[in-house]
Amino acid sequence: MQLPNYKQAKQRIKENVKIENYENSAIYQELGSGKTYHLKTYGCQMNEHDSENIEAMLEQLGFTKEENMEAADLVLLNTCSIRENAHNKAFGMLGRLKHLKETKKDLIVGLCGCMAQEEGVVNEILEKHKEVNFVFGTHNLHHLPQILKKHLDTSQQQIEVFSKEGNLIEGLPVKRTSKHKAYVNIIYGCDKFCTYCIVPYTRGKQRSRKKEDILKEIQQLVKDGYQEVTLLGQNVNAYGKDLENNYHMEDLLEDVAKTNIPRVRFMTSHPWDFTDKMIEVIEKYPNIMPFIHLPVQSGSSRILKLMGRRYTKEDYLTLLDKIRNRIPNVSISTDIIVGFPGETEEDFKETLDLVEHCKYDNAYTFIYSARENTPASKLLDETSLKEKEERLYRLNNIVNQYFLESNQKLVDKVVKVLVEGKNENGKTDLYGYTDTNKLVNFDGDDTLIGQIIDVKITNAKTWSLDGKISEC
Ligand code: SAH
Ligand code: SF4
Ligand code: F3S
């Protein structure tokens, strides 16, 4: 048994991270033979991508995928800690699984992901959730076969969570959800320690992958016919800062663009590390998409300071205006937290003013949620939930209006769309995304799936566009 430890999770030790190759040990290969698995994924793209690795590992062990949770032999929850509701959803699901296990004694239940890194969660599992058979964390995803085997051999609850980040694991198998667009991790962890955020504790220290490993993975994706790659990290702009080869995000972006993959995206960008050189590279390569997710969190410099974001409102606006001036038709999205401890009506109005200026193409808005052990959770928070909900409502009214306005600008224009799939029950046949990451629904033939085509926009809604395949 190895339990999470917050003290260790907070430490940042300078020693070099080692690179380890994943080996799928042959003795485990029949572990899941004749059995099925059901994987539930909560949280961000990082978790979605980890789930692509987990599925591949389980299938190497002989498990097959089962869409219906009730029918599966193994149910695994890949969890998220970012806000209380993500946390509650996972515990709610454990309640259902406990119930299911009463009639299905052989059901195997596992929990992994960011919640597994929380001391409080693991203690609660130890005390109250005997239905959970095994737990592993974000640093030892690759031990899944061994942990599962240990549980099957001993019938005991297995908990193996490391709080000190492990080595970088290369060569993990991956079962990609899409045949056309792919996630590629470029940097793990986060060293920013924004005061409200749990991620630096659940994902550990910032660790960049070697450029050779990243480029090799993308070259293979090109060979396999992929149209789009998204470079992933909690803060991709910090790429390379932990390596000693003076090779940074702008260099990587340029080399990825040169692989000639038709579309390159990256997320998430922390405004602090966004350099002029990055803007130059984005401007120079047409296959780097004009879409930037640039979380602001608040429009009040006082609150930004309390959040530990390292920029003021003015710094942010200067950066945003520079990006808008240099990259034609760029689309910018953001994240905003309302109700951070001590946020006054005046602070909140500054956020509204900032939103009026930035006219975001998209925004993810959240009510602040106190997270275990973070510095902000110790601050006095006197604003009522009702007040916070009202602020969120007022903010959403404004941001939504700008989403619609930015979509309306595209009406009658012809845009490039990567056709991603069929609409199962929508009114139109197909859907896809523009270079600026806007969803477009349109009629067309299935054979277009996976291609980048011209679509003329006929109608704009708040969260999507309607279009018609362009004849020209
Ligand atoms: N690394 C990214 C953010 C990852 S988390 C960045 O720095 O931009 C995604 C979003 O969740 C954050 O941008 C923030 O808006 C929100 N978030 C994080 N912690 C939160 C908390 N404790 N309460 C509410 N929202 C939170
Ligand atoms: Fe969290 Fe801040 Fe790191 Fe983003 S940059 S993951 S908000 S600590
Ligand atoms: Fe959630 Fe962990 Fe991502 S906390 S948002 S799954 S990094």
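Reader: Okay, which residues are around ligand 3?
Author: Around ligand 3 you find Cys44, Asn47, Cys80, Ser81, Ile82, Cys114, Arg203 and Gln234, where a residue is near if one of its heavy atoms lies within 4 Å. Bear in mind that this is a predicted model, with local features needing pLDDT of at least 70, side-chain atom pairs counting only at pLDDT 80 or more, and totals for chains, interfaces and linings using all residues. Residues are numbered from 1 along each chain as its sequence is written, chains are lettered from A and ligands numbered from 1 in the order in which they are written, and side-chain values use heavy atoms, with hydrogens and water left out.

Reader: How does the ligand 3 shell divide by class?
Author: Four nonpolar, three polar and one charged. Ala, Val, Leu, Ile, Met, Phe, Trp, Tyr, Cys and Pro count as nonpolar, Asp, Glu, Lys and Arg as charged, and the others, Gly among them, as polar.

Reader: And what's around ligand 2?
Author: Cys190, Lys192, Phe193, Cys194, Tyr196, Cys197, Val199, Pro200, Gln234, His270 and Arg309. That shell has seven nonpolar, two polar and two charged residues.

Reader: Which residues come nearest to ligand 1?
Author: Gln234, Pro295, Gln297, Asp335 and Ser369, out of 15 residues around ligand 1.

Reader: What lies 2.6 Å from an oxygen atom of ligand 1?
Author: A polar side-chain atom of aspartate 335; a polar contact here is a pair of N or O atoms within 3.5 Å. On the backbone side, a polar atom of glutamine 234 is 2.7 Å from a nitrogen atom of ligand 1, and a backbone N or O atom of tyrosine 196 lies 3.0 Å from a nitrogen atom of ligand 1.

Reader: Switching to rings. How many aromatic pairs are there in the whole structure?
Author: Seven, counting rings of Phe, Tyr and Trp (its six-membered ring) with centres within 6.5 Å; planes under 30 degrees apart are stacked, over 60 edge-to-face and the rest tilted. Tyrosine 196 and phenylalanine 340 make an edge-to-face pair, 6.4 Å centre to centre with 85° between the planes.

Reader: Where do tyrosine 196 and phenylalanine 340 lie?
Author: Tyrosine 196 is in the loop between strand S10 (187–188) and helix H6 (199–202), and phenylalanine 340 in the loop between strand S15 (331–338) and helix H12 (345–358), so the pair ties together parts 144 residues apart in sequence. Helices (H or I, at least four residues) and strands (E, at least two) are DSSP runs, numbered from the N terminus.

Reader: Are tyrosine 196 and phenylalanine 340 buried or exposed?
Author: Both are buried, meaning under 20% relative accessible area, with exposed being over 50% and partly exposed in between (1.4 Å probe, protein chains only). Ring pairs also link Tyr196, Phe340 and Tyr368 into a cluster.

Reader: What about arginine 83, which ring face does it lie over?
Author: Phenylalanine 366, at 3.6 Å from the ring centre. A charge sits over a ring if NZ of Lys or CZ of Arg is within 6 Å of the ring centre and within 35 degrees of the ring normal.

Reader: Last topic: why is helix H8 largely enclosed?
Author: Seven of the 10 residues of H8 (residues 249–258) are buried, so the rest of the structure largely encloses that helix. Among the buried ones are Met249, Leu252 and Val256.

Reader: What do the buried residues of H8 pack against?
Author: Helix H7 (211–223), strand S12 (228–232), strand S13 (263–267) and helix H9 (276–284), with contact meaning heavy atoms within 4.5 Å. Just after H8, asparagine 260 takes a positive phi of about 70°.

Notes:
A polar contact is a pair of N or O atoms within 3.5 Å; within protein, one must be able to donate a hydrogen and the other to accept it, and residues adjacent in sequence count only if both atoms are side-chain atoms.
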